[in-house]
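Dear colleague,

I am handing over the structure below, followed by some notes on what was found in it. Please read them with the structure open beside you.

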Amino acid sequence: MNTIVTVAVNTFRETIRNKVLYNILLVAAVALLLSLSFGDLSVFSRAQVMSDFGLATMSLTGLLLAIFIGVGLLGVEIATKTVYGVLNRPVSREAFIIGKFCGLCATLLLNFILIAAVFFVAIQLLGVTVKAAMLYAVLLLAVEMALIVAASMFFSTFTTPTLAAIFTVGFYIAGHLNDLMNIGAEQQQNPVWRFVLVSLNRLLPNLEHFNIRTRIVYDLAIPELFVAQAALYGMLYTVLLLLCAMIVFSRKDV
Amino acid sequence: MRLRRALPVAAIVVIVAAINFLQSGLHRTAGPQWQQESMTYLPQGERLKPALLGFETTLAHYLWIRTILYFGGHAITDKQYPWLIDMLDVITRLCPWFYPAYEFAGLMVPEVCRNPEAARIILERGLTHLGATRWNIAFYMGTIHLRYYDDRKTAAQYMARAAMTAGAPRGKLAATANAFFTQAGSFHEGLQFLLFAYETSDNPEVRRHLAAKIRELQRRETE
């Protein structure tokens, strides 16, 4: 347990020191403020347009952050073999992966809190009422990004940082298109193809479960327990990806 | 030394001026057709949706801003809006809860695009998604049926639906629906609707207004 905490704290310190992170944060804040200004151009439904643009910007910058810290840290450490330094000490590979993930998640969470604070303060200043339900949207975004970090860590354990980043983007796209595979499977006549599509549908996470922006912005009903179920779904998937990463990493000859 | 420091600043100023000059030159060269043609490639909403990875509402909002700019741009120039219907159609397919697009479809499309049928189709979508909360959508439908199809009975049915929607000016809309029913020869349907509106209303002002209307109709019926 102590090892995990040590690795997590060091990872957190390391990522916080990275200047690229601050550039992403700055871009996020500027993009957020710019996107909010679109609300005035919409003439009608200003509040909805502002809230939606703000949440969408948070989602995109969150994705950027997740890929950057997920691939940029573990992937680069494995590629440059600096990981030797840690693994030569009495640190198990499993503890290393968990510690890295916790450290990265702490960084991601801190950044997310900062971006969310900018968003909430900005829309409040612009005269838009901040709805408590917006916090649910931000919470599910954070869960989705933790899942993306886990996916990028998993890909980093067996491929180069560039490929891991490409795979992570592909994972994100496939995750949001998951519903289509189900529809495709239902319409497919060929049993082999149907099996492939159903398997992909079951295997890949459905990232649309974390997207409740439209429902929040338009005050549409969100079924009770939905947020809790979606958060649990995301956490379970994250654990699954971390387990896969641990298995691959423990067999890796570094 | 001072000249060496001033040179880059001067260069920046010159380049920024050149960029601005070129930008307005490009707008002039492209002409008004340019923006219009850019909408040609706007894909159908249903095809577009899966490719947006959960950002369909954001794109709908972005397209709405483009629609406002498109409408404004043409309103002060040629007053032709060939892409307005497509834009509103895509917006309402991507985000069927976006009310201003329906308002625009109900008010502008039949008049400025001379296409009440397109407005009717877009408003049908609005009724499905927002019909329970926005009385104006059923009201616009009623207006289109009255004005462009001369179908008073359907217009009356939509007015009746608008009247029964939460937050609607029930008394006025119910009287309008009743008038259309009567003009369409469905006197009893109109009376039945007024009675129903009277029984389901809790607003004393509206009830008084409807009661007077019902008494007047019943008197006319006995005559």
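Val196(A) lies in helix H9 of chain A, which covers residues 191–203; helices here are DSSP runs of H or I with at least four residues, strands are runs of E with at least two, and both are numbered from the N terminus. With a relative accessibility of 33%, Val196(A) counts as partly exposed, where buried means under 20% relative accessible area, exposed means over 50%, and partly exposed lies in between (1.4 Å probe, protein chains only). Together with Val192(A), Trp193(A), Phe195(A) and Leu200(A), Val196(A) makes a nonpolar surface patch of about 510 Å². Patches are made of residues with over 30% relative accessible area and no salt bridge, with like charges joined within 9 Å and nonpolar side chains (Val, Leu, Ile, Met, Phe, Trp, Tyr) within 5 Å; accessible areas come from the Shrake-Rupley method with a 1.4 Å probe, and for residues only the protein chains shown count as cover.

Please keep in mind that this is a predicted model, in which local features need pLDDT of at least 70 and side-chain atom pairs count only at pLDDT 80 or more, while totals for chains, interfaces and linings use all residues. Residues are numbered from 1 along each chain as its sequence is written, chains are lettered from A and ligands numbered from 1 in the order in which they are written, and side-chain values use heavy atoms, leaving out hydrogens and water.

Turning to charged pairs, a search of the whole structure finds 10 salt bridges over all chains, a salt bridge being a side-chain nitrogen of Lys or Arg within 4 Å of a carboxyl oxygen of Asp or Glu. One of them joins Arg120(B) to Glu117(B) at 2.8 Å, N to O, and both residues lie in helix H8 of chain B (residues 116–130), three residues apart, about one turn of the helix. Glu117(B) is partly exposed, at 32% relative accessibility.

Another salt bridge, at 3.4 Å from N to O, is formed by Glu189(B) and Lys153(B). Glu189(B) lies in helix H12 (residues 187–200) and Lys153(B) in helix H10 (residues 152–163), both of chain B, so this pair ties together parts that are 36 residues apart in sequence. Glu189(B) is partly exposed at 33%, and Lys153(B) is partly exposed at 35%.

In helix H13 of chain B (residues 204–222), Glu205(B) and Arg208(B) are three residues apart, and their side chains meet in a salt bridge of 2.9 Å, N to O. Glu205(B) is exposed at 51%, as is Arg208(B) at 53%. Finally, salt bridges that share partners join Asp89(B), Arg93(B) and Arg125(B) into one network.
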